[in-house]
Amino acid sequence: MITEASTENVIEVENLVTHYGDTQILNGINFSVKRGEIMVIMGGSGSGKSTLLRYLLGLNTPTSGCIKLLGKDITQMSTNEMHDMRKNMGVAFQGGALFGSMTVGENIQLPLCEHTRLDENTMRIMSRMKLEVVNLAGFEDLMPSQLSGGMIKRAALARAIIMDPKLLFFDEPSAGLDPVVAAELDELILRLRDAMNMTIVVVTHELDSAFKIADRITVLDQGDILMCGTVDEVRNSDNERIHNLLNRKPKTEVVDVDAYLQRLTGHGV
């Protein structure tokens, strides 16, 4: 849990606007994450949560707005400056993103190979230490194809924390896992935050996971932030769209006949 002293914002997003082509995806959003906090970003499919994550990672340049990580605006950084910033960031991708031609240990050592000049033996020891943290001790010589889904997620997490980053980002950590394995991964995320004092951002649509690990939740819908608050505040919200998301109620759309015909014929907007 974050403490009262943890008031420093290590992530600040101000008036962020993004487009894919002519389509606006994020509509001037604002939020912040405090040091040592677990912030969960949740929303339905197409809400913009995965897009937001890409911009937080500096993978895309926004149309306008500011994204500050550790007090520095990454939208204004050079390639070399962003390279240095990524040494403070760990990312666990949704599918694990392990290289199938490399062993588990080699996958975990990859950030060390890219960003340090450590000798091979030191890197091997460090990767084994991180495998111990995620309960995969002794698996460094296996190939990713020999791991279960949950083990792949944990191996990806070991790689994400190999350099003891200040910021850790997760994309759908529980996706595709059975409830027991998902719960174990949630517990691991909480232990990591407490043991390593990391600031963690988790993108997910899994309500059980979000409610278990979050200090605060940012709810996105159609590129807008509906609210940002504690688990209890989100649960007790009287916002209809949040209520529908939490209760899995389908969205009812009102069809604009003229707009529908224009889409079909390709005339106008």
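**Questions on a predicted model**

Biologist: How many aromatic pairs does the structure hold?

Modeller: The structure holds 0 aromatic pairs; to pair, rings of Phe, Tyr and Trp (its six-membered ring) need centres within 6.5 Å. This is a predicted model, in which local features need pLDDT of at least 70 and side-chain atom pairs count only at pLDDT 80 or more, while totals for chains, interfaces and linings use all residues. Residues are numbered from 1 along each chain as its sequence is written, and side-chain values use heavy atoms, with hydrogens and water left out.

Biologist: Why is G149 called partly exposed?

Modeller: The relative accessible area of G149 is 42%, so G149 is partly exposed; buried means under 20%, exposed over 50%, and partly exposed in between (1.4 Å probe, protein chains only). G149 is found in helix α5, residues 149–160, where a helix is a DSSP run of H or I with at least four residues.

Biologist: What makes helix α1 mostly covered?

Modeller: In helix α1 (residues 49–56), 6 of its 8 residues are buried, namely K49, T51, L52, L53, Y55 and L56. Just after α1, G58 takes a positive phi of about 75°.

Biologist: What makes the charged end of R235 sit over the ring of F211?

Modeller: The charged end of R235 is 4.3 Å from the centre of the F211 ring. The definition asks for NZ of Lys or CZ of Arg within 6 Å of the ring centre and within 35 degrees of the ring normal, so R235 is said to sit over the ring of F211.

Methods. Helix = DSSP H or I, 4+ residues; strand = E, 2+ residues; numbered from the N terminus. Phe/Tyr/Trp six-rings, centres within 6.5 Å; stacked < 30°, edge-to-face > 60°.
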